[in-house]
Amino acid sequence: MNAPLHSPSPRPSIDLVVDGHRAELLEVSASHAVVYSQMALKPEQRVRIVLRANDTVLRTHARVTLAKYQMPKEGPRYRVELAFDGDTEALQKFVAAVTP
């Protein structure tokens, strides 16, 4: 008899707010994030970030390192790369807690 296959545990949902506006998180690490934003963001712009997963909330600041305008079927958006400023240790703990 074959052993049952176990799927990896699902990645927790991470809510992201950039300067008070919801954004879609594509990738996150202790040093940077890649997001889709409906709000226009420009390189070198400094933004406030709130990351929330389960009962864990992290507030920090970041700098926009790249912003690229896109026009998919769903409507206009910006693909944005952010470099985190702030408490590196807190960012590392958050990422470790929310990534499998």
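K93 is an exposed residue, with a relative accessible area of 54%, and its side chain meets that of E89 in a salt bridge. Please keep in mind that the model you are looking at is predicted.

**Salt bridges**

- Searching the whole structure turns up five salt bridges, and three of them are described here, including the one between E89 and K93.
- In the E89–K93 bridge, the N to O distance is 3.4 Å.
- Both E89 and K93 belong to helix α1, which covers residues 88–98. They are four residues apart there, about one turn of the helix.
- R22 is exposed, with 61% relative accessible area, while D15 is partly exposed at 29%.
- E81 pairs with R79 in another salt bridge, where the closest N and O atoms are 3.7 Å apart. Both partners are partly exposed: E81 has a relative accessible area of 28%, and R79 has a relative accessibility of 30%.

**Aromatic rings**

- If you look through the whole structure for aromatic pairs, you will find one. Its members are Y69 and Y78, arranged edge-to-face.
- The ring centres of Y69 and Y78 are 5.3 Å apart, with 65 degrees between the planes. That angle is why the pair is called edge-to-face, since the class takes planes over 60 degrees apart.
- Y69 is partly exposed, at 46% relative accessibility.
- A charged side chain also meets a ring in this model: R77 lies over the face of Y36, 3.6 Å from the ring centre.

**A buried threonine**

- T60 is part of strand β5, which spans residues 56–70.
- Is T60 buried or exposed? T60 is buried, because its relative accessible area of 9% is under the 20% limit.
- The side chain of T60 reaches the backbone oxygen of D85, at a distance of 2.7 Å.
- D85 is also among the contacts of T60 beyond its neighbours within four places in sequence. That list includes F84 and G86 as well, along with L91.
- V47, R48 and I49 complete the set of residues in contact with T60.

- D19 has a phi near 50 degrees, a positive value, and D19 is not a glycine. You will find D19 in the loop that links β1 (15–18) and β2 (21–28).
- D19 is partly exposed, with a relative accessible area of 22%.
- Which loop holds E44? E44 lies between β3 (32–37) and β4 (46–53).
- The phi of E44 is positive too, at about 75 degrees, although E44 is not a glycine. E44 counts as exposed, with a relative accessibility of 53%.

Note on methods
Residues are numbered from 1 along each chain as its sequence is written. This is a predicted model: local features need pLDDT of at least 70, side-chain atom pairs count only at pLDDT 80 or more; totals for chains, interfaces and linings use all residues. Side-chain values use heavy atoms; hydrogens and water are left out. Helices (H or I, at least four residues) and strands (E, at least two) are DSSP runs, numbered from the N terminus. Buried means under 20% relative accessible area, exposed over 50%, partly exposed in between (1.4 Å probe, protein chains only). A polar contact is a pair of N or O atoms within 3.5 Å; within protein, one must be able to donate a hydrogen and the other to accept it, and residues adjacent in sequence count only if both atoms are side-chain atoms. Contact means heavy atoms within 4.5 Å. Rings of Phe, Tyr and Trp (its six-membered ring) pair if their centres lie within 6.5 Å; planes under 30 degrees apart count as stacked, over 60 as edge-to-face and the rest as tilted. A charge sits over a ring if NZ of Lys or CZ of Arg is within 6 Å of the ring centre and within 35 degrees of the ring normal. A salt bridge is a side-chain nitrogen of Lys or Arg within 4 Å of a carboxyl oxygen of Asp or Glu.
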